[in-house]
Amino acid sequence: MAEQQKALFLPEKQGAFALGDKPIPFPGPGELLLKVEAVGLNPLDWKLQKWGVPAFIHEYPAVLGEDIAGTVESVGEGVSGFAKGDRVIYQGTFTPDKAGFQQYTLAVAQFTAKIPSNISLDEGATLPTAVATAAMGLYAPINDTAPGGAGLTAPWEAGGRGKYAGKPILVLGGSSSVGQMVIQFAKLSGFSPIITTASQTNQTLVNSLGATHLIDRALPAESFHAAVSSITTAPLEIIYNTISTPETQQVAYDLLAPGGAVVFTLPLAIKVGAQGKKRVINVFGAVAIPSQQKTGAGLYAALEGLLANGELKPNPVRVLPGGLNGVVDGLREMEEGRVSGYKLIVHPQETGA
């Protein structure tokens, strides 16, 4: 019998999370076995538990947790470039052996990145989903039949660094985990000004990441256009809306220049005109799906270097006590809107009985 580990299960659709035991899996060809040292909580986790989304979870009991940081425990056949003890990050999937709310998980080596010594494992666990969502929305190819992005040239590609100098970008929700990454990628791509919305308490944070102007998120929608116009009169050809409520979708769509692209992180909830005039992108923040694999592989190949030289900074963190036992209360905090400017992290190895 395989050695057992602690895991947090979602036993059934819209059920209550429950701590239990499951076997530690063995890595197959192209895979790594990771000892999960830190896992980040994601808004998607509480939404999947509360609403149940068949597109993500196909069978129960399920294990969630997408934002994984840990150490390599063993290496599967055909894997090169990784060794036991390497510190890495990985974006988990919604399959029991490749998710983060457990003490050990499998990872696909191609989409696993080492993290440099200047990044802690806690900080590393803030990165996978936020980085993927930001990068895929901006840089994945335009695709009308499968998940894709705005098709911009990525800063890790030839000619991509600083390519969009002098062009403005608007990031709604700049202090969110995804928003923080979008701002940093926008800076690497050369966008200026980089305009974002956030609360005034997060101004220092978003400015430190590269935002040049902050508009208070509490500003009424009817005043938003004037606020943006006071900063730039250049056409807004790219807008990234990490909030994506119906109201903010409408604001973003109205501000977008003809021929431009707006990225939403939630399903479209407004009426839009012809796609050719204003492109609307519903981002799917995953690096391993077929339509985004090339962009995802390029991102993961560049990630360690971007982190090492400080061009990409992780989110601030707050560690919850109790290992996996802290997940439920943490997700409740997120659902109630009590988390801002930082990422909640748990340590699965600290899980008690």
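## Stop 1: a pair in the sheet

Start by selecting V263, which stands opposite I281 in β13. This is a predicted model, in which local features need pLDDT of at least 70 and side-chain atom pairs count only at pLDDT 80 or more, while totals for chains, interfaces and linings use all residues. Residues are numbered from 1 along each chain as its sequence is written, and side-chain values use heavy atoms, with hydrogens and water left out.

Now widen the selection to strand β12 (residues 261-264) together with β13: the two pair in the parallel sense over 4 bridges. Strands pair here if DSSP finds at least two bridges between them. The element names are DSSP runs numbered from the N terminus, with helices being H or I of at least four residues and strands being E of at least two.

Next, show the whole sheet. It is open, has 6 strands with parallel pairing, and runs in the order β10-β9-β8-β11-β12-β13. Look at its edges, β10 (213-216) and β13 (279-282): each has a single partner strand, so one side of each lacks a neighbour in the sheet. From one strand to the next, the twist averages 15°.

Contact means heavy atoms within 4.5 Å.

## Stop 2

Two packed helices are described by the angle between their axes and the distance between the axes.

Select helix α3 (residues 128-139) and helix α8 (residues 293-308), whose axes come within 10 Å and cross at roughly 125°. That makes α3 oblique to α8. Angles under 35 degrees count as roughly parallel, over 145 as roughly antiparallel, 65 to 115 as roughly perpendicular and the rest as oblique. α3 passes α8 in a right-handed crossing; a crossing is right-handed if the near helix is turned clockwise from the far one by less than a right angle, and left-handed if anticlockwise.

For the side chains, show P128, V131, A132, A135, M136 and Y139 of α3, which meet T295, G296, L299, Y300 and L303 of α8. By class, this contact has 9 nonpolar, 2 polar and no charged residues. Ala, Val, Leu, Ile, Met, Phe, Trp, Tyr, Cys and Pro count as nonpolar, Asp, Glu, Lys and Arg as charged, and the others, Gly among them, as polar.

## Stop 2: α1 against α9

Select α1 (43-51) and helix α9 (residues 327-335), which pack at an angle of about 95° with their axes 9 Å apart. That makes α1 roughly perpendicular to α9. P43, D45, W46 and K50 of α1 make the contact with L331, M334 and E335 of α9. Here the classes are 4 nonpolar, no polar and 3 charged residues.

## Stop 3: backbone details

You will find P61 in the loop between α1 and β4 (67-75).

Then go to S192 and P193, also joined by a cis peptide bond, with omega about 0°.

Q14 lies in the loop between β1 (4-9) and β2 (18-23).

## Stop 4: the domains

Zoom out and colour domain 1 (4-126 + 314-350) and domain 2 (130-282). These bounds come from an automatic or database domain assignment. The C-alpha centres of the two lie 28 Å apart, and their contact takes 10 residues from domain 1 and 9 residues from domain 2.

Conventions. Axes fitted to C-alpha atoms, helices over the stretch in contact; angles between N-to-C directions.
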